Amino acid sequence: MTSDRDRTAPAPGRPALSATRRAATRREVAMVAAHLFAENGYTATTVDDIAAAAGMGLRTFYRYFAGKEDVVAPLLAIGTQAWSDELASCPPELPLREALGHSYRTATAAALADEGIAESLLRPLLRAATELPALRATWLRVQHDCELRLIPIIAARTGRSPDDLDVALAAAMANTAVRLANELWATGNHPGSPADAVDACLARLAAHSLL
């Protein structure tokens, strides 16, 4: 028999434990898949390989992911989620351009360290996400989600409405600069870290845009 207490909804703003566990499991399986992709290549790695390495059956795998192309989404989203969270907490006196770069560098360094993602794993993962059509769709979806999160944050920092076209343009341009910076870094054509590439792209956007 279910009591009234058992039927009580989770407190607002706090995810249900099952949702927290689900997200953690998705990240764990994504990490397993990323290592397999780095070792064997995306094409040669099967869903069976990923499920076996993660210690789960195929039916369980498909409860968490739509398919192989979806399995890296949690890893690709770690940096973008951390970035938007850090930007929201940046000191309000920082100009937007500086806040974007500072928050990206701080957030991604912490997120990658917390998840144990080394550059030796990140670079081939990003390269595959940008070069393989199936994974690129996932990569672009993650980027689109990030852009939507940036809009209310930029609106709050600039004292404008989230419906302001300039806010939407700023979010789109900043997010695109970060996406291109990561893609450039993944090819090995930019020295330094992903955050260095992001700083360079944001600086060019601010000072040298063809617009």
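At what angle do helix α4 and helix α7 pack, and how far apart are their axes? In this predicted model, helix α4, covering residues 73-88, and helix α7, covering residues 133-158, pack at an angle of about 10°, and their axes are 10 Å apart. Because angles under 35 degrees count as roughly parallel, α4 is described as roughly parallel to α7. On the α4 side the contact is made by Ala 73, Leu 76, Ala 77, Thr 80, Gln 81, Trp 83, Ser 84, Leu 87 and Ala 88, while α7 contributes Thr 138, Trp 139, Arg 141, Val 142, Gln 143, Cys 146, Arg 149, Leu 150, Ile 153 and Arg 157. Sorted by class, the residues in this contact of α4 with α7 are 11 nonpolar, five polar and three charged.

Helix α7 also meets α6, and here the geometry is of another kind: the axes of α6 and α7 come within 5 Å and cross at roughly 100°. Since angles of 65 to 115 degrees count as roughly perpendicular, α6 is roughly perpendicular to α7. The residues that meet are Leu 126, Ala 128, Ala 129, Thr 130 and Glu 131 in α6 and Pro 133, Leu 135, Arg 136 and Trp 139 in α7, and by class this contact has six nonpolar, one polar and two charged residues.

Of the 211 residues, 38% count as buried, and the accessible surface comes to about 11600 Å², with 56% of it belonging to carbon and sulfur atoms. Among the contacts with a separation of 6 or more, 64% are accounted for by residues 24 or more positions apart.

Ile 50, when residues up to four places away in sequence are not counted, touches Val 29, Val 32, Ala 33, Leu 36, Phe 37, Thr 45, Phe 61, Lys 68 and Val 71.

Two further positions concern the region around α7 and α8. Asp 164 is found in the loop between these two helices, and its C-alpha atom is separated by 9.3 Å from that of Ile 151, which lies 13 residues away along the chain. At 22% relative accessibility, Asp 164 counts as partly exposed. Arg 179 has its place in helix α8, residues 165-186, and counts as buried because its relative accessible area of 17% falls under the 20% limit. Leaving aside its neighbours within four places in sequence, Arg 179 is in contact with Arg 136, Trp 139, Leu 140 and Gln 143.

Note on methods:
Residues are numbered from 1 along each chain as its sequence is written. This is a predicted model: local features need pLDDT of at least 70, side-chain atom pairs count only at pLDDT 80 or more; totals for chains, interfaces and linings use all residues. Side-chain values use heavy atoms; hydrogens and water are left out. Helices (H or I, at least four residues) and strands (E, at least two) are DSSP runs, numbered from the N terminus. Buried means under 20% relative accessible area, exposed over 50%, partly exposed in between (1.4 Å probe, protein chains only). Contact means heavy atoms within 4.5 Å. Axes are lines fitted to C-alpha atoms, for helices over the stretch in contact, and angles run from 0 to 180 degrees between N-to-C directions. Angles under 35 degrees count as roughly parallel, over 145 as roughly antiparallel, 65 to 115 as roughly perpendicular and the rest as oblique. Ala, Val, Leu, Ile, Met, Phe, Trp, Tyr, Cys and Pro count as nonpolar, Asp, Glu, Lys and Arg as charged, and the others, Gly among them, as polar. Accessible areas come from the Shrake-Rupley method with a 1.4 Å probe; for residues, only the protein chains shown count as cover.
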